[in-house]
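The sequence and structure are shown first.

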Amino acid sequence: MIFKMNILNNIESIRKEFPILNTTVNGNKLIYLDNAATSQTPNCVIESISSYYKNLNSNIHRGVHTLSQIATEKYEDTRKKFSNHFNARSSSEIIFTSGTTHSINLVSSGFTNFLDDKDEIIVSQLEHHSNIVPWQMLCEKTGAKMKVIPMNDKGELDLNAFSNLLSDKTKIVFVNHVSNALGTVNNIQEIIEKSHQVGAAVLIDGAQAVPHFKVDVRKLDVDFYVCSAHKFCGPTGVGILYGKKEWLEKLPAYQGGGEMIDEVTFEKTTYSELPNKFEAGTPNIAGVIASGIALDYINTIGLENIKEYEDYLLNYATEKLLEIDGMKIYGESKNKTSVISFNIGSIHPYDIGSLIDNLGIAVRTGHHCAQPIMDFFKIPGTIRISFCFYNTTEEIDTLINALKKASTMLS
Ligand SMILES: *Cc1c(COP(=O)(O)O)cnc(C)c1O
């Protein structure tokens, strides 16, 4: 049982909740610093999945039998949990998908109905490919044009340039809340307000925000907000799409199938009400319920505590990294999450990544699904470390020593 706590004083008991942190990789104790790609899973989430299949497995929304009713209740209670967490107006504004990518595709494909070749849509230079490619497909289908908000050398978006891109032709703006490659926290409140002034809708990709701080969709007045459970200690294969009711009602259904219909004849099908309209077929029931358990877990530790502790790790690691000869950190916004992207001299990131993997240290190397950012800095990629609240300063010390050794060997 975890209570609201100061993380530093309780780090050992928190780490015990994550069995994988006790494993070895290549003969060394795992040091997992790739949390922006996926976070690790605590016992309560693992147990929720296993208990579902041991005790409850059944299909939801259909059966009159007891198991189906209990499973449906748990699934719908989870929707309420997310609705409360994000401060949505109603739980019918929460749609379960398979992830951020699926959520974005659901919205972008729906916008095909609303756009033509005179319209414009706006993305930022800081995006993950999954918030670029679906919109390019939309442009190909409709002839709409995509404009790009530029960024500066620190990896921050230029919001004056953004104002100049906006016009009454702009139909939707899609930007991440936090960059997965650099950790920059974007001023989405300003982006949302300015977009609404010209009547454009806004989709925020919150995959890297939800694990680190509280998000209030009503206060933001955002139209769509999306994230993935596996980035906040939940299982893979579950995404959450928040959409304002007006928008979700206007958007066409994305996939056809069971569960999303009201009445089907061969002449015509009428669709069910929200949220079922967007949840065709049997969903990832065990995964959704376990995602609710993951949400409870991070809320019990406390998002304020998490932010405070991760900031502490970020500052500690940044300072130590800068002691390494040839260190260049990309992404120097004052407002950033616990992500550090860097290179050492001209050593290829992949070479360092493989060497330290031999020591059991997991980091990400490459373009981090964000090639436009790498193009901006004119580099093929970076080494990226990203922290979760179970990481420690001791792990950072081990990383720093490993990086020093690797860079001596490779230069
Ligand atoms: C991880 C990530 C995605 C993609 O999430 P999936 O779970 O792979 O669909 C999109 N955007 C950002 C910012 C991310 O970090």
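The domain bounds used here come from an automatic or database domain assignment. The model is predicted. A search of the whole structure finds 2 cavities of 30 Å³ or more and 20 aromatic pairs.

**Largest cavity**
- The largest cavity holds about 110 Å³ of space, and among its 16 lining residues P211, H212, K231, F387 and C388 are the closest to the centre.
- Its lining comprises 9 nonpolar, 5 polar and 2 charged residues.
- Because domain 1 (2-32 + 302-410) and domain 2 (47-299) both give residues to this lining, the largest cavity lies between them.

**Second largest cavity**
- About 70 Å³ of space lies in the second largest cavity, whose lining includes V185, H212, F213, K307 and E310.
- By class, this lining has 2 nonpolar, 4 polar and 4 charged residues.
- Domain 1 (2-32 + 302-410) and domain 2 (47-299) each supply at least three residues to the lining of the second largest cavity.

**Aromatic pairs**
- One of the pairs joins F18 and Y390 in a tilted arrangement, at 4.6 Å centre to centre with 55 degrees between the planes.
- F18 lies in the loop between α1 (11-16) and β1 (24-25) and Y390 in the loop between β17 (382-386) and α14 (393-410), so this pair ties together parts 372 residues apart in sequence.
- F18 is buried at 1% relative accessible area, and Y390 is buried at 0%.
- The ring centres of F389 and Y390 are 5.8 Å apart with planes at 65 degrees, so that pair is edge-to-face.
- Ring pairs also link Y75, F82, F86, F96, Y225 and F232 into a cluster.

**Charges over rings**
- The charged end of K250 sits over the ring of W247, 3.9 Å from its centre.
- The charged end of K328 sits over the ring of Y330, 5.3 Å from its centre.

Key
Residues numbered from 1 in each chain as written. Predicted model: local features only at pLDDT ≥ 70, side-chain atom pairs only at ≥ 80, totals over all residues. Heavy atoms only, no water. 1 Å grid on protein atoms, 1.4 Å probe; cavity = no way out; pocket = protein on both sides within 12 Å on 5 of 7 lines; lining within 4 Å. Points joined across faces, edges and corners; volume = space filled by probe spheres on them. Nonpolar A, V, L, I, M, F, W, Y, C, P; charged D, E, K, R; others polar. Phe/Tyr/Trp six-rings, centres within 6.5 Å; stacked < 30°, edge-to-face > 60°. Helix = DSSP H or I, 4+ residues; strand = E, 2+ residues; numbered from the N terminus. Buried < 20%, exposed > 50% of the residue type's maximum accessible area, 1.4 Å probe, protein only. Lys NZ or Arg CZ within 6 Å of the ring centre and 35° of its normal.
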